[in-house]
Amino acid sequence: MSDFGILAFGAYVPVTRLQRSAIHATNKWFAKGLGGLAKGEKAIANWDEDSVTMALEAARDALDNIDRARVERVVMASTTLPFADRQNAGIVKEALNLPDGVGAMDVTGSQRAATSALLGALEGRATTLVCAAEVTTPKPASEREMAAGDAAAALLVGAGAPIATLIASHSVTVDFVDHFREAGAAHDYDWEARWVRDEGFARIMTPAIAALLDKGGVNGDAVDQFIVPVAVKGVPEMLAKKAGISDAAVADPLTAALGHAGAAHALVMLSAALEVAKPGARILLASFGQGCDLMLFEVTDAIGSVKPRLGLSGWLARRSESANYAKYLSHRGLLQLDRGMRAEHDSKTALTALWRNRRAVLGLVGGRCIKTGTVQFPKSEVSVHANDHAIGTQEDYPLAEMPAKVMTWTADALTYSPDPPSYYGNIDFVGGGRMMAEFTDFPDSALQVGADLRMMFRIKAFDENRGFRRYFWKAAPAF
Amino acid sequence: MAKGIRDKVAILGMGCARFGERWDKDEDQLMLEAYAEAVADAGIEASQIDAAWLGAAFDAQNIGPSGIPLAVALRLPDIGVTKVENYCASGTESFRGAVYAVASGACDIALAMGAEKLKDTGYGGLPVRTRGTTFDMIGITGSAPGNFAQLASAYRGVHGVGADDLKRAMAHVSVKSHANGAKNPNAHLQKAVTMEQVLNAPMIAEPLGLFDCCGVSDGAACAIVTTPEIARAMGKTDIVTVKALQLATSNGWEMQASGWNGSYFHTTRVAATKAYEEAGITDPRAQLSLIEVHDCFSITELVTMEDLHISKEGQGWRDVLDGFFDADGRLPCQIDGGLKCFGHPIGASGLRMIYENYLQILGRAGERQRQDSPVFALSHNLGGMPNQNVSSIAIIGRADA
């Protein structure tokens, strides 16, 4: 058995679950035919989340109780990367507070981005953190809007005691354009579904799956989990049948509770499969997009020794129902609300200052005085200790994983927020350190003094004048 | 050892523009309005002013930076004019500059002007602004109501005061100030309000409703100071002197360390203790005649009663409800209507408070005059947020007190 493979896995699902019935209630005058899809719910990113912040949360989920110093390379896969030219994986690296001596890479451009990234890691030698996340913005009243959901996953690949190893892989690349999105465009353009099903999924994937099974030296009936991240009903079952894989092995595409998370969906489903996998189980992962990436894994005896912090099931359980379709449209820039003059405030970021303070801003690294033990944020030359203003005595003290408690709070209806009121207040970290923080993901009226918090990496502000976004940490209800 | 400012400087004259939505005026016109009254009161000419200080916080609104706008507005005789900015304590800061200049002996007569033109923004409330390149990446600017509202959540928790009790005490603060402002022709809001109106007003920042917040307005206030000797030599008989002038500035302890509980102003406690010592006041609750405090929000005024060592910790809300600080109470607070009724043209507010105390001590406050001949009057002018701020205290009084 190889000592190289998947070492850890995690996922992330944003807390808000938009009810598809609410979407249809608004759109049915125009798109009555979508009524059949108007059931269940889809996970939607908060206004302050993007694929980078979500990938980071998935990475934290996967790396729980794992020494982050093991990570040698960070790969970020998505077709909705916030930056076209600023390494998105690099932001994840900073937020994880990894040492600077790691490699990083963004992978994009196809629904296969995440599986290609994973395959690259599995065929390499480095201990690689593969993150995938997607926040899509389908056109309102489209079938894609009903199908899509936002989610992220992360896998740590490397040498050690893997929980799953790669038995075989097979890739096909053909320029089959079932849908596309031009660079910089907001929405996808879809071709006829019947053609995609018959000429795409069936005709391209069926022989490829057969080739993979052949390479792996197994028959279809040896596959215990068949992961096909395709939102089209019946397609995974059709492919299973053609490959001789049992119906029972076909993995839940998570349509009802999450929606299809684009390029990230393959890893989201793989993460879900690993949560319940038994030693010896064979998992076939098949992703589609201008061809396909196919991977056959075997689960090892080490499964169960490594658990994500919450895992997909935990994230799905951390859930807040919403029927507010208008809020979703507004947060995706699809509904221009009168935001008032306060929204005109210029959030220009001085890149020089961001660079100097990157560990505090992106990593939430504070300081601890080696003389007095005083913890503070941000770190400063002179200690904040009331009776010992020692100079130059602070060492780095990461606060991102520290639990915190609400000290004071308010619900501010005056300050501009994309999701008013703006909740913020002073928070105290368990073990020392205090800061004023924005609260995020709080349901109305849940804030109280003493409430337990967990820090989350989020978008602090958008600089619309320059097309930049400012990231920082916010306090969410503990989970 | 420094002996402090007590009785070294006298107020020669003061003036205050009408506060409000002065749509037809620029800031230089507001400054002139305050100056004209002050210079007439002082009985001097501009040529006698040796130096001037301008307190303005949002200089991007209307006047722009530096001391030049004041020098130009008043056509001051090529003297040194210094612009100071210390958040909402900028008015008292300008007074401090002028008072210290006279006390040092470097100037015979100095002028302090506080001015602000906030109604050029296009919206209500304070202008949204940066708090600095680095702070903006990691800090919360929020709104003033949102920042000060947090005092209430902490105060309730620390002192075990019920939300309804505290909200009622906060409402009493505002009802009292509106009743006072109704008697003041210079106030922006000159209308009484009821407890019901205050309690049922729309929420701005939990638990601060509309009437728990002061508004913003345009305004200016001016002081001309000299030594008591020069004042007497100019024929002044009723002389008001500066008894104490203290400023405490947060060093980050409240926001970053862990000793502060969020329910009070650390700086105000420090400044108050020093100010009483400087003024020779040993029992402020008994010795002070009047107080004007920085009631930007009702909850600010309420906790400030404790921070000024007038009410016992955790008991300020009871004193408020008992009417201790009403115009006819033992120690009137905001007898002119306060920020609540004047609004808060940032740089002007600190000097507006001193102006009211000055008028009251001289018996010139008209319909709202306190009848028991005020002796010591305190003003408290605060800038920033509860967790990081500048707190200033000025005590003035009869020269013979």
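Domain bounds here come from an automatic or database domain assignment, and the model shown is a predicted one.

**View 1. The two domains of chain A.** Start with the overall division: in chain A, domain 1 covers 4–179 + 190–331, while domain 2 covers 402–479. Taken over C-alpha atoms, the centres of domain 1 of chain A and domain 2 of chain A are separated by 29 Å. Where they touch, domain 1 of chain A contributes 15 residues and domain 2 of chain A contributes 12 residues.

**View 2. The side of domain 1 of chain A that touches domain 2 of chain A.** Look here for two helices of chain A, H2 (51–62) and H3 (88–95), each of which supplies at least two residues to this side. H2(A) gives the most, with three residues. Sorted by class, this side of domain 1 of chain A holds six nonpolar, four polar and five charged residues.

**View 3. Ala220(B) in its strand.** Now move to chain B, where Ala220(B) is part of strand E7, residues 219–226. Ala220(B) counts as buried because 36 other C-beta atoms lie within 10 Å, and the cut-off for buried is 20 or more.

**View 4. The surroundings of Ala220(B).** Which residues is Ala220(B) in contact with, leaving aside its neighbours within four places in sequence? They are Ala17(B), Leu30(B), Met31(B), Glu33(B), Ala34(B), Met113(B), Gly114(B), Ala115(B) and Ala348(B).

Terms used
Residues are numbered from 1 along each chain as its sequence is written. Chains are lettered from A and ligands numbered from 1 in the order in which they are written. This is a predicted model: local features need pLDDT of at least 70, side-chain atom pairs count only at pLDDT 80 or more; totals for chains, interfaces and linings use all residues. Two residues are in contact if their C-beta atoms, placed from the backbone, lie within 7 Å. Helices (H or I, at least four residues) and strands (E, at least two) are DSSP runs, numbered from the N terminus. Ala, Val, Leu, Ile, Met, Phe, Trp, Tyr, Cys and Pro count as nonpolar, Asp, Glu, Lys and Arg as charged, and the others, Gly among them, as polar. A residue is buried if 20 or more other C-beta atoms lie within 10 Å of its own, exposed if 12 or fewer, and partly exposed in between; C-beta atoms are placed from the backbone.
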